[in-house]
Amino acid sequence: MAFISVKFVLFMTIVAALYYILPRRWSNTLLVAASGMFYYISSPRSLPWLALSVIISYTAAIICERVRGTRSKTAVVALALVLDIGALVFFKYSGFFMQHLESMLGFPVAAEGAFGIIVPFGISFYTLQTVGYLIDVRRGTIAAERNVITYAAYITFFPHIMSGPIARASHLLPQFNSAAAFSWENICGGVRRFLWGLFKKAVIADTLALFVDTVYTSPANENPLTVLAACLAFGLQLYFDFSAYTDMALGAGLLLGFQLDENFSAPYFSTSVTEIWTRWHLSLTSWLHEYVYFPLGGSRKGYTRKLINIMLVFIVSGLWHGGHWGFVVWGILFGILRIFEDVVGKKLSALPPLKGPARKAVLIVRTAYSYLAWCGVFIFFRMKTITASVGVISRIFTLSQWSVSAFEARCYNLLLNTIPSSPAFAKLGLLIIAMSTLLALALEYYYVYLRHAHTDRPNDLLAQLPEWPRFAVYMFMLCASLAFGMFGSSSFVYFQF
Amino acid sequence: MSNNVNDQKKINNTKPRRTITTALKLLAALCVLSIVPLANYNIDPSVLYTANRESAPELRAVDIMQKGENVAGLKANYNERLLRREYILRLESAPETLVLGSSRGALITTDMLGLARGKLFNASVAGGELEDAIGFYGLLDMHGLAPKKLLLSLDPWTVNDNFSVVRYQESVGDGYYHYAHNRMGLTVPESITQIKPLYDPASPKNGGFFSLSRETQLSLFSIPYFQKSIQYFFSEDYNLYKEISATSNIVGDTGIVHYDGSYSYPLDYQLADAATATERALRTIPNILGLEDYDVLRGRKYDELKSFLESVKEDGVDVQLVMFPICSYLYDYMGENANRAHYSNFFLSESMFRELAAELDVPIYGSFNPHSLGCDMNNFYDGYHLRDASVAEILSATIVVQ
């Protein structure tokens, strides 16, 4: 079931109404039923795998607490982790491995189509949740959840089952044990957050996607400047697409009184790639930090080991996205950038700090470098194969064919193709979309600033604005969505993971 | 104490102001939202409600065609199916040759087939699917106007079960019902025989707004339809296509519907060079018309086509099939990506049609493969449409021109 659909709005309304009407003791049962229904409608064949994962992790956590002896506890959790992660590896990478095995052997080892396995919906996300939960129980940082319904409600919670945020048990699970009472603040905040996500998706992300997808379909036939623009636009598209999904998930959660984790923190206002990673897909990066980086030794075993651990974490992150060499290279390149910045940063920190305009200029250059490097590496993410990615990069660097006039003509042509009307109206559309992008970036930066300055502020972006500016933003959002929003798409980039 | 009284006064003063502010905000939002149905009803780019109140352009166009002249200046939102329906309903005798197909077949003119004026009627329509073809043939059959010869222009997606435009129902649903149900023995609901009125379909005399289909009613509040409406309103077409006029020209600033039902693209569209044609083709990727979801080669529509051709042959009609190529750019693209989507069925569709033609003993001409016909991007206006001259060339090289 798509988030951007009348069906989902109806579903959400009915679930929220029942959630607040039914006695509290039925809340989690209702959520499990609703999540099951949501999941079944989205991907019926995936439901048994989700149920199996819930049962395995629930049972293993209980047994882990009951058995005595460190080794027995570890063995129980390890077995459950092997089953959980094994399922993830099987579904996500069997095709990838078979393909490489066949190309190495030179003959097919399985019947055609045998490995065209359908990957269970959201498996990458819920597996990380179950794995995190089991490790936490084993470490003793949380107690195993005794009530299977409560646990199932936590894992399958429909706002985050498809693409996160990957909820940590220590934060979210207790919320299922004390169902929130009805609150207008939550309802209004949830609706506002959901609509904000909808606006970002329909007006910004999907419009940018039209440009990016067209150019990336056949980059060899495009002017190098156009390919470069598409590469830079993809950075924005991905951010607005994924953060829009997150906003909608957080909004849907808040409607039911749940505070899901924030996933983004104005990442493009960072002055290094390292900093972007502290503000991007926070639920995944903190998960990797907690369950991969720290167990590997983190920075506790010397500087060289720390750098190796950083690289390993990024390779795991790349692999988590799927079985394509592009993702692996993506992870390695980010690992290299992260290590480079760590080493250079260490040396630069010995220099006296800059002041005044020089400092500002350096910050601007560093912000630009961060975004360029980020987008450059994301070519591998977008294209998925190394050959195609290298093709895009070499196309960009075909400097002899750089042509501003050809770039302008192509963009103009694509614009008229996107908004098939008079040139003046199409240009107005471009202006509105550009303004929407700037507005969204500025508001989210302002929001992050407020969150840092006043930690007690409510978790609500638009509510932070004064009344009339807020109304002006609403009206702008309404007009921009009506005139230029793309409401045909129902999928998000991160749904593929 | 006095402070408390002042605070209470302030609260009492703020309450009505707050109500007024909220009411004003709601009013502003309602005003913006009400633009959606207003624009959808009044601009109405797909002619769902209004069909130009002054006079139906389709009626005026058929008046001109009946005089043997071509029609220029039809607005982009005229209903080409209803125009051809109206033409058929005014026919006094059967056309000797009937051409059926999609916009690719709409380029076939009387001259290209070497026929005398008045011998051919081309009922091909944009987005034309198999049901359109059966509907138009059925409409002629219903009125005892079955042609002597049928030239059916096939597309690679003609029998793709997932390719569905469903515009035939409101324009030739009765013809489809007549032929598919009564002659071919298919199960067809009688409800599709309700034809959209040519003039002011939402007016009370035509049954009113609530007599329209549910989709049409809901389109009044549709945001994508609103966007289409305002884009159309601000487009050059909205002003350019103001007046319908008779012309003897076969090409003009606007698209031209010929006296025989065939169609010519506007001059600026025809002036496209190979690069522009490639550019237009490129825009259709990755949504190559009706081919991404071509997952079953011989499905329901295949059986329907076979049954249709058998029935038409039984009527004593001389049937010919023709395949026009897809542009070389898209053809090669699909070749390189044959494993993706369902492009492999595109490549199998030609041999499937040839096998069917052989089985039914029906001649089949042309090819979907541009290379086999010696065509490159210079022969195309865009991804799917051959230049008029190239259509003529292929027809004269393959079909025995009279």
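## Salt bridges, helix packing and the A–B interface

Over all chains, the count comes to 31 salt bridges, a salt bridge being a side-chain nitrogen of Lys or Arg within 4 Å of a carboxyl oxygen of Asp or Glu. This is a predicted model, where local features need pLDDT of at least 70, side-chain atom pairs count only at pLDDT 80 or more, and totals for chains, interfaces and linings use all residues. Residues are numbered from 1 along each chain as its sequence is written, chains are lettered from A and ligands numbered from 1 in the order in which they are written, and side-chain values use heavy atoms, with hydrogens and water left out.

Here are two of the pairs to look up in your viewer.

| Salt bridge | Closest N to O distance |
|---|---|
| A:Arg193 and A:Asp247 | 2.8 Å |

Helices here are DSSP runs (H or I, at least four residues), numbered from the N terminus.

Now to the interface. Between chain B and chain A there are two salt bridges. The two chains bury about 2100 Å² between them, 65% of it on carbon and sulfur atoms; buried area is the accessible area (1.4 Å probe) that two parts lose on being put together, summed over both. Chain B brings 22 residues to the contact and chain A brings 26 residues, with contact meaning heavy atoms within 4.5 Å. On the chain B side, B:Lys25, B:Gln231 and B:Arg283 lose the most area to chain A, together 27% of what that side buries.

Next, helix packing. In chain B, the axes of helix α3 (residues 80–90) and helix α4 (residues 130–142) come within 10 Å and cross at roughly 20°. That makes α3(B) roughly parallel to α4(B) (angles under 35 degrees). Their contact is made by B:Arg81, B:Arg84, B:Arg85 and B:Ile88 of α3(B) with B:Asp132, B:Phe136, B:Leu139 and B:Leu140 of α4(B).

In chain A, helix α5 (residues 123–139) and helix α6 (residues 148–156) pack at about 135°, their axes 9 Å apart. Axes are lines fitted to C-alpha atoms, for helices over the stretch in contact, and angles run from 0 to 180 degrees between N-to-C directions.

Definitions and conventions:
Helices (H or I, at least four residues) and strands (E, at least two) are DSSP runs, numbered from the N terminus. Angles under 35 degrees count as roughly parallel, over 145 as roughly antiparallel, 65 to 115 as roughly perpendicular and the rest as oblique.
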